[in-house]
Structures are given as C-alpha cells and as structure tokens.
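Good morning, and thank you for coming.

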Amino acid sequence: MEKICVAVRVRPAVSSEPFNGTFWKVEDNRISLHKVHGTPISGLSYAFDHVFDESCTNARVYELLTKDIIHAAVEGFNGTAFAYGQTSSGKTFTMNGSETDPGIIHRAVKDIFTKIQMISDREFLIRVSYMEIYNEEINDLFAVENQKLQIHESLERGIFVAGLREEIVNNAEQVFELIESGEVNRHFGETNMNVRSSRSHTIFRMVIESRGKDTNSSCDYSSTDAIRVSVLNLVDLAGSERIAKTGAGGVRLKEGKYINKSLMILGNVINKLSEGAKQRSHIPYRDSKLTRILQPALGGNAKTSIICTLAPEEVHIEETKGTLQFASRAKRITNCAQVNEILTDAALLKRQKVEIEELRKKLQGSHAEVLEQVILKLRNDLLKYELEREKLEMELQEERKSRKECDQCIREQQIKIVNHSNLVTSSEFNMNSSQEHNSVRQVLQEECNDSSGIDQGDAFRTPCFKAAPKAFVVKRSNYSMLPDYSPLPDTFSNVADEDTWLKMNKGYIADLDLLQMTPARRVQSFPSSDVTPACSNENYTQEIQHLKRQLEIATEERNELERKHAEQILLNHRLMDDISELQQEAKLMREIPKRLSESVSNCKDIYEDVLSIIQSFVSDEESSTAKLLSSTSEIGKSLLTTLETHFSMAMDDNSSFTGNNSLIQEQRKMLYEKFNSTITGLVLSQTQQSSCENKGGKTACWKEELSNELNTIKERYHDLEKELDINNQLLVVSKERYDTLEREYQLLKEYRDLLNQKISESSQKLALVTDQKENALNDLDTEVQRRKNLEEEIKQFSVAFASRHKSLMSFHRDVKSQCEKLRAQYLVSLPNALGC
Ligand code: ADP
Ligand code: MG
C-alpha cells in the first residue's frame, strides 16, 4: 500500500499588479495564504509531497514527481500522472511544456526509451495511444474516424477503450511525431481565461510490455515466460471553471458543463477514496468516463502522482482554495501497485512472438537497422490486423445483438397478431349471441373485461426490448452494484452554476442519486474468438433465411388480420341497419298514443254533432227529453274529454300515465251518479206533472218511453265504459311494448357504441402493428444490407490479408535471396581481398 504522490505548482503571475490583500507563499513543501504584511492566515496552510513555486521548471517537476513512476512503469507497474487545476493555471504547460522547457509527457517518453536501452536482459514492446474525452465522448486523437468509443472491461485486459488506435513505437521521435499529429485533433477553445483552453480531458497512454531475454540460447524463448505489461497514463485534464469568469456561452457553456460534471465526479471518487478503507462505501467510478478510465490509477493497482496547478492572482483565490482542498483529500488515497506479470496471450509480445522470431531468424545477418525497421513494420501491421479484427468482432457482436432484437420484435408481433385474431374471433362470437337480448349486456361486459385484460396482458404491450419509460430514470444506487452496467450521468443543467462549482471545490460530495442517469448500458464482452468467418457467413445465411421465413409468416398473419377486420366492419354495418329499423319501429310505437288521442277527438266531434242533431228534433227545450239529451251530451263529452286528457298525458309522460286508472274509475262513478240523479229528477218531475194533469194513461206511456231511452243510454254508457277499459288496456300494453323497445334500443345503442369503440381501437392497433411491421421490415432490410456490407468487408479484408501475406512472403523471399546474394558476393570477395 502506498500513498498517492501529490504536488502543487504555482504558475507565474500574469499581471504585475501588487497584492492588495493576500498572497500565496511557498516554503519548502508547504503553501499558505498570507496577509499583505506577511502574517499567515490561520487554517489556510497546506503541506504536500512537493510544492513548486513560480520559478520551478518542468524539468524539476518531472525529476521530483514523475520520474519514479515512469521508471516503475518500465519495470511493470501501472503508472498515472495527471494535472488538475482551474483553467489557465498551467496544466497543459506542465504536461506538454514549451519549446525550451518540455513537459512531463515529452520527458517521460524520452526517459522510457533511454531506460529500456539500458536494460539489456529484457526485450520491450511499446505501443502508444492518445485519446480525449470531449463532452463525455471518447475520441481517438490518432484516428479522427474513431469517435464515441466505448469502455470495456475484460479479465485479461482490464478496463480498456475498444477500437482505440494503438501504434507500436521503437523510439521517442516516432512518439513525438504521433503526438504532434494527435494534437491537431484536440478540442481547444478560447475563453476569457485562456486563449487556448483545453476543452477536453486528454489521456496519452503507453503500454509497455517486456520479457526477459534468455542469454544462453540467444533468441529462443521459453513459451512459459511471464511477460510484464504495464500501462502508463499521462493525463491533462480540462480546467474546472466558473461559467461567469470564463464568459462561456453556447458551445463553450455546454463543454463547461460536461467538464465540471466529470471533474465533480472525479472529486466524488477522490472524496470517497480519501475516507479510508473502513468507511469507504461504493466508489462511483462508473459515473464518468474519466473516472472509469482512471479507475486503476485511483485506489487500484497503479503508482499515481497528481500535480495540482494554481493561479496565484488574488482574483482566483476561491478556485485556488478549492484546488488545495482537492489536493489535500487526494493525498489521503492509498494505492496498491504491483508488477503485472502475465502468462496468457493477452500480452501482444507473446502473440506476436512466433511471427517475429521467424522473421528474425530469416533476417539474421542483415543490417541491424534494416532488421529493426522491418520488424517494427511487421509488428505494427500485425497489431493493425488485430485491432481491425477486434473492431470487426465488435461489429459482429453488435450485429448479433441487433438481430436478436429484430427476432424479438418479430416474436412480439406474432404474439400480438395471434392475440388480435383471438380478439376478433371472440367479438364475432359475441355478435352472434347478441340476438338474445338478455345476454347482450353480459356478453358486452365480458368482452370489455376481455379487452381490458388484453391491454394489461401481452397482446399490445410495448415490445420488451424497448425500455419501459420508468427505466430511463434510474438511481445509480440501484445499479451501481451490477458490474456489467456503465451508467453515465446525463443531466447537466444543474452543474455548471456558481454554487455547484464552489461546492465541488470545497470537497462537496454530489448526491448522484438525485441526478438523472442515462439508461443502463450493457458492457459488451468480446465475442469468442473461435468463430471463423466461414462459419459466421454460413450462420448469417441461415439467420437471414430464418428471418425471411418468419417475415413471410408474419405477413400472412397480418393479411388474415386485415381480412378479419374487414369482416368485422361488414358485420357492424349490418348491425347498424338493424338498429335503424328498430329505431323506426320505436318511433311508430311512440306515435300510437297520439293517433289514439286524435281518433278520440274525432269521436268527440261526431258525438257532439249527433247529439246536437237529435236535440234539434226536440222542440220544447224545457221538456224532459231535451234535459235528458243535454245531460247525456254533457256526460258523453266529459267522458271523451277525459279520454283525450289521458291520451295526451300518455304522450307527454309515460311513467305517470299508468297510475291514472283509478282517476278514470272515480270520474266514471261521478258521471254515473250524476246521470242517475238527472234520470231520477226527470222521473220525479214527470210523476208530479201526471198527478197534476191527471192524465194517467199518457204518463205511463211517457214513463215507459223514458225508461226505454234510459236503458239505451245506460247500454251506450256501458259500451263506452267497456271501450274505455279496452283502450286503457291497449294503452298499458303498448306502453309496456314501448318500454321494452326503448330498453332494447338503449342496449343496442350501447352495443353499437362499444362496437364502434372497439373497431376504432382495433384499427389503431392494426395501424400500430402495421407501422411496427413496416419498421421491422425496414430494419430487416437495413440489417440484410449491413450484413451484406459486412460480408463484403470481411471478404475484402480476407483478400487484403491474403495479398498482404503474399507480399510479405515475397518480400521475405526477396530479402532472403538478397541475403544469399550478399553472402555469395561476400564469399567471392573475401578470397579476393585476402589476395587468393
Ligand atoms: P491550463 O491548461 O491549466 O488551462 P495552460 O497550461 O494553458 O493552462 O496555461 C495558461 C498560460 O499560462 C499559458 O500561456 C502558459 O504558457 C502559461 N503558463 C502556465 N504555467 C506556466 C509556468 N509554470 N511558467 C510559465 N508559463 C506558464
Ligand atoms: Mg489546458
């Protein structure tokens, strides 16, 4: 266990303005804030492994801070050196340096090659890569086309950036040329604080492999030889910044937010690591690409040094304090570095061994420089092929993944189609049974339940390969325990403000659980390397055929579904016709009371006419016949008026109508009594008249006539009463029929609405299914095209590889024949020289 080595470097002040209030004073390995007259301010004094003042050169920084780590890297230890500090404090100056005072990277590269030349008992293979993390995306600085690279982790290679260009190098000059070419691709931007401000974190990486040389059998290496592989990261971080000071807006602001965010996560990681092993909780390495890449350097298997750069101006005092606090916390971190010795094929040196040794043997005797050049070229070619293969394998894996998703999609659609067909069949069944009125509602309800059941179930659910909406907001704590996920912070709106900046620099641990994260991304593992291209081609063809078959089935099922849908629409039309017929019938039924009322009013008119004609035959208005007629007319009119009233009541208010039968009975009784009293009155007056006039014979005759007339009227009255009863019964029956029809009408209306709703739902679903199908078809087309391209590429690659191999072989032959020629010449010229 060893502590991280932390140093602080103060850059020269930009302005020559004198200090007004405070200044930073450097004494030995301590830096403290002093008042203008020299009194130190308590609580603001910090001690580190080294503190470099303004006059310190990069040479000295390298010598004291980084040299040991570089030497250890040559011996097989992982090493990391990075510069942290606010914008314009001198990070890039420290890492890259200037013409006159080269920086740490330059010195490290030179030193490594000098060092390995001094180690005669080991053979080295060094490869370099250069990447930047810009707006949370990893870009290759050696190859502009390699953008948005992904971080992977494997047992053998540890954490690595897939697809990153690596170049095998033989000497420092080659490295400098490469770095120069990479610098062109770096993201710089002008801010108020730095004309050429680094807008990205850059990581220059050297992988140093070495193995011991067996001095006894010069070039014969034991196959079980352990190989040391160490990774050296030299990191120039982008500057933490306050938006207000940099005057950033637009692109600069966005960059600033990403920079601050990743530095905040770096701060969090450092904070957690500085808590000590016992209190240490989960370390959020996976929250940013920077911390993920630096994971071995922070609390892992690496020797690490951090140089914190400071701007001495008073205006930057807050930032400087923040940087010093960050440095103090970093000082508490302990790493556990050990030599990485590996026996597996993970070491490039091991994988290239056979080819290189063969070549070495073949070229024995050639000029050493030529030999080295050829070997280097061959090594780089092999590495390129390997990287190319790795890239292809990744693509293949992606292809497999997308094919799986496509399969899944087709399966989902099949399930949907099947479910939809079931839905259609069950709705047909329900319609057949709709003739039974009583069961209609029940069936409808059942169907409703069914369809809601389907909604909740499988049928039209979003395919499961699409993430559920809630899955997009995941708390880190939920998945941080899963090793295969690499969640990345995505919300930056609350990061680049002044408050957060200050908190960040004061050792604040951001509550990442409160931040929204991008959906969990599954880390891809390498596909198994035993899949040969021929085998995979065959698999492709099979898979494509399989997909085509599935597509045909799905198309058939879709057609079937469409046919059923059309049938359902036809059925619905028929049902609509039935409903309109029933509506007509109901309308007619509703008109019955109206017609009855009209006929009663006609009857009344006729009755009045008839009675008035009869009354006109009676000359004496005071006679009993006239009185009887007028009373009969009154009763009749009253009866008919009552009937009329009842009919109109039946038309207006169906519900209150039935209860009025008793009212009719009462009226009937009343009229009956009135009629009887009229008759009795008439009989009495007649009797009195007859007794007065003593005309007995005549009276008896009138009496008889009257009683006959009375009987006739009574009979007519009874007939009318009967008619009224029949009419009432008819009314009740028609009312009942009307109610039933009304209910049926309502039920049918509901059923129709429900059917309409269902039809529109199934139309929507059908449209959705069709859309998805079309998307799947498009995807499939793209997929097939991509596969074709990939196959083409693989073919081209195989051809290129073969031709390369061929040219290499011919080159070998040439070299060999050249050697033989040279040897022959040498043999010929030797005797000559010796004067033979
Ligand atoms: P950063 O990378 O931290 O944003 P730079 O390294 O770009 O800052 O430095 C900003 C300016 O300050 C540059 O012009 C650089 O040359 C100058 N500078 C920084 N540190 C020193 C130093 N120690 N000596 C001389 N000049 C320096
Ligand atoms: Mg910089």
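Let me begin with how axes are treated: they are lines fitted to C-alpha atoms, for helices over the stretch in contact, and angles run from 0 to 180 degrees between N-to-C directions. Helices (H or I, at least four residues) and strands (E, at least two) are DSSP runs, numbered from the N terminus.

This is a predicted model, in which local features need pLDDT of at least 70 and side-chain atom pairs count only at pLDDT 80 or more, while totals for chains, interfaces and linings use all residues. Residues are numbered from 1 along each chain as its sequence is written, and side-chain values use heavy atoms, with hydrogens and water left out.

As for confidence, pLDDT is the predictor's confidence in each residue, from 0 to 100. Its mean over the chain is 75, and 73% of the residues reach 70 or more. Residues 433-501 have a pLDDT below 50; beyond near neighbours in sequence, that stretch has 113 contacts in the model, a contact being heavy atoms within 4.5 Å.

I turn to the helices. Helix α1 (residues 58-74) and α3 cross at roughly 45°, their axes coming within 9 Å. That makes α1 oblique to α3, since angles under 35 degrees count as roughly parallel, over 145 as roughly antiparallel, 65 to 115 as roughly perpendicular and the rest as oblique. Among the residues in this contact are Tyr62 and Ile70 of α1 and Ala108 and Ile112 of α3.

What does α3 (residues 104-118) do with helix α4 (residues 172-183)? The two pack at an angle of about 155°, with axes 9 Å apart, and are therefore roughly antiparallel to each other. Here Ile105, His106, Val109, Lys110 and Phe113 in α3 meet Ala172, Val175, Phe176 and Ile179 in α4.

Finally, salt bridges, defined as a side-chain nitrogen of Lys or Arg within 4 Å of a carboxyl oxygen of Asp or Glu. The count comes to 21. In one of them, the side chains of Arg211 and Glu123 meet at 2.9 Å, N to O. Arg211 lies in strand β15 (residues 201-212) and Glu123 in strand β8 (residues 122-134), so the pair ties together parts that are 88 residues apart in sequence.

Methods. Chains lettered and ligands numbered in written order.
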